[in-house]
Amino acid sequence: MATIALENLSYTYSSAQTPIFEHVTAQFPAHQFTLLTGPSGTGKSTLLQLIAGLLSLPAEHGQIRYDQALLSDIPATDRSKRVAMMFQNPNQQFAMDTVEHELIFALENQQTDPQIIMHRLTSALDFVGIRDLQKRLLSQLSGGEKQKVALAVIVAMDSDVILLDEPFASVDPIARAGLLRRLVELRDQRGKTIILADHDYAGYDELVDHVVQITPEHQLKALPKTDWAQLFAAFQPQTLPAWSVPSVVEQPLFDLHQVGLSQGEHTLLAPTDLQLHAHHNTLITGANGTGKSTLFEALVRLNPYDGTISYQGRDIQKFRRKRYARQVALLFQDAEAQFFNITVAEELAQSQKYAYSDYFTPARIQAALTQLNLAGRDDQVIYTLSEGQKKKLQILLMLIMQSPVLLMDEPLKGLDLKSIHALVGLLQTTLRETHQTLIIISHQLTGLTPLIDYHLRLADHRLQYGGATHES
C-alpha cells in the first residue's frame with residue numbers, strides 16, 4: 001500500500017518571485033485514483049515531481065511521506081519500486097533507441113531478475129495494447145504512440161504509486177478511453193495508487209475517486225462530488241459539425257496527385273488525389289500512428305513521399321527551400337523543438353526580425369501576451385515555463401512570423417480550457433486581419449471547432465473529406 005501525505009509543504013523555484021506551494025497539507029489515499037487539476041503553470045508537474053522525489057525538498061520546507069516513511073529516507077535505488085512517473089513530454093524520459101530496449105533499460109535499472117524481464121516487457125506491451133510496436137524505433141513513432149510506450153514502461157515497472165503528467169495529450173479519443181480503463185484496472189486489480197494531472201477532463205467523472213485542484217492561493221483543495229458535474233460539463237462527448245466538403249477548384253492551395261506516404265515498411269497513405277484550399281481552416285483527425293504528422297512533414301519537404309505535391313500550382317520540389325519555408329511553416333507537436341534562444345524576449349525578437357509581414361506590432365504582441373497569460377515573462381528562461389505556457393508561446397511566435405500557411409500539429413496539447421478559449425480567440429482575430437490559412441492536426445477538439453471550415457480524416461490509409469464524426 002502507499003498513501004501519500006504532504007505535510008506543511010512549501011516550494012519556490014529559485015528564479016521565481018512567488019511560491020508554487022505554500023504550507024500545503026494534503027493526502028492522496030492508497031489504492032485510489034486522483035485527478036489533479038489547475039490552469040497551466042500552477043504547479044501540477046512540479047507537485048508530481050516533488051512526490052516522485054525528482055525535485056529536492058529542503059527539510060524546513062515540509063515533508064512528503066509514503067505511508068509512514070519519509071520520501072527523503074527512501075534510498076534512490078529503491079524509489080522506482082515505490083513510485084514511477086510518466087512525464088508530459090515522453091521524449092524527455094526516453095534513453096534508448098527502440099521500444100523494447102527502453103523497457104529493458106527501465107527494468108534493468110530496477111535490478112529486475114533477468115529471467116523475468118522479457119515476460120514483464122511483453123505483458124506491459126500487451127496491457128497497453130502496443131505489442132506491435134515492440135521492435136520499432138522510438139524516433140519513428142507518433143506523439144501518441146510515444147505516450148503509450150511511456151505508459152507501458154510505467155506498467156512494466158510495477159511501482160506502488162503511478163504519477164502521470166498529461167498522459168493522453170497526443171492520444172486519439174478511442175485509444176484514450178481504452179487507456180483510462182487500463183488505469184482503472186491497475187487501481188482495482190493491482191492496488192495501485194494513481195495521481196494523474198490533466199487539462200482534458202473527458203471520461204474521468206465515472207472513473208476517479210477524487211478530484212484535487214491547485215488553487216490561486218498555492219494550496220490543494222479536494223473538490224466535493226457535488227461540484228464535479230460543473231467541472232466535467234465542457235468535456236462531454238460531442239458530435240462534430242457536419243462541415244461541407246469543398247468543391248474541386250482549378251488552382252487550390254495544395255494539390256496532391258497520387259501522393260503516398262510510408263514509414264519504413266509501413267504504408268501510411270495509399271496513393272491519393274486531394275486538394276487543400278486557401279483561406280479556409282482544415283482539421284485533420286485520425287488514430288495515432290496513421291500518418292498525420294508524416295503528412296505535414298511531406299508538405300514542408302521534411303519527409304519523402306510518392307507522387308506530386310503542388311503549392312499554388314507549382315511542384316513544391318521546384319521551390320528554393322528558403323523561399324518555400326517562408327510560405328509554408330510547421331508548428332511542431334513538441335514546443336521545445338521550435339525554440340532557438342534562452343529567454344522569452346529573445347524568441348519574440350527573433351520572430352519579429354524574420355516576420356513575413358508587420359501585422360504583429362509591439363503593441364499587438366503585448367496584447368497577445370496578456371491574452372495568453374504570458375505577460376511579464378520577458379526575461380524568463382523558456383525552459384522553465386510549464387508545457388502549456390511553452391505551447392502558447394510557440395504558437396504566438398509562429399503567428400508573429402505570419403507565413404501565409406501554418407500547419408499546426410496538436411496546437412492544444414497541454415492547454416487548459418481557459419487557455420484554449422484565449423488561443424482560439426487570438427487566432428480568430430488574427431485570421432480576420434491577415435487571411436492566413438491554417439491546417440490543424442488535433443485530438444483535443446473541445447473549444448477548437450469554431451475555427452474549422454473543413455474536416456479531413458485519415459483512416460485505413462485513406463485521407464478523405466467527411467461530415468460529422470463522433471469524437472470526444
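Student: In which loop is E166 found?

Tutor: This is a predicted model, and the place of a residue can be read from the elements on either side of it. Strand β7 covers 161–165 and helix α6 covers 173–190, and E166 is found in the loop between β7 and α6.

Student: Is E166 buried or exposed?

Tutor: A residue counts as buried when its relative accessible area is under 20%. The value for E166 is 3% relative accessibility, so E166 counts as buried.

Student: What is the phi of E166?

Tutor: Most residues other than glycine have a negative phi. E166 is not a glycine, and yet its phi is positive, at about 50 degrees.

Student: Where does H461 lie, and what is its phi?

Tutor: H461 lies in the loop between β20 (454–459) and β21 (462–465). Although H461 is not a glycine, its phi is positive, at about 65 degrees.

Student: Is H461 buried, exposed or partly exposed?

Tutor: Buried means under 20% relative accessible area and exposed means over 50%, with partly exposed in between. The relative accessible area of H461 is 40%, so H461 is partly exposed.

Student: Which residues touch the most other members of the largest nonpolar core, and which element gives the most to this core?

Tutor: The largest nonpolar core has 52 residues, and those that touch the most other members are F33, L103, V149, L183 and Y204. The element that gives the most to this core, with 9 residues, is α5.

Student: Which residues does V149 touch, not counting residues up to four places away in sequence?

Tutor: V149 lies in helix α5, and at 0% relative accessibility it counts as buried, because the value is under 20%. Once residues up to four places away in sequence are set aside, those that V149 touches are F94, V99, L103, I130, L133, L138 and L141.

Student: How do α4 and α5 lie relative to each other?

Tutor: Helix α4 (residues 114–128) and helix α5 (residues 143–157) pack with their axes 8 Å apart, at an angle of about 130 degrees.

Student: Which residues of α4 meet α5, and what is the handedness of the crossing?

Tutor: From α4, the residues that meet α5 are R120, A124, L125, F127 and V128, and their partners in α5 are K148, L151, A152, V155, A156 and M157. The residues of this contact divide into 9 nonpolar, no polar and 2 charged. The crossing of α4 and α5 is right-handed.

Student: What is the angle at which α3 and α5 pack, and how many charged residues does their contact hold?

Tutor: Helix α3 (residues 99–109) packs with α5 at an angle of about 35 degrees, with the axes 10 Å apart. In this contact V99, E102, L103, A106 and L107 of α3 meet V149, A152, V153, A156 and M157 of α5. These residues divide into 9 nonpolar, no polar and, as the charged count, 1.

Student: Is K390 buried or exposed, and which residues is it in contact with beyond four places in sequence?

Tutor: K390 is found in helix α12 (residues 387–401), and its relative accessible area is 3%, so K390 is buried. Leaving aside neighbours within four places in sequence, the residues in contact with K390 are Q92, A335, E336, F339, I382, Y383 and L385.

Note on methods. Residues numbered from 1 in each chain as written. Predicted model: local features only at pLDDT ≥ 70, side-chain atom pairs only at ≥ 80, totals over all residues. Heavy atoms only, no water. Axes fitted to C-alpha atoms, helices over the stretch in contact; angles between N-to-C directions. Helix = DSSP H or I, 4+ residues; strand = E, 2+ residues; numbered from the N terminus. Left-handed = near helix turned anticlockwise from the far one by under 90°. Contact = heavy atoms within 4.5 Å. Nonpolar A, V, L, I, M, F, W, Y, C, P; charged D, E, K, R; others polar. Core = buried A, V, L, I, M, F, W, Y, C linked by side-chain atoms within 4.5 Å. Buried < 20%, exposed > 50% of the residue type's maximum accessible area, 1.4 Å probe, protein only.
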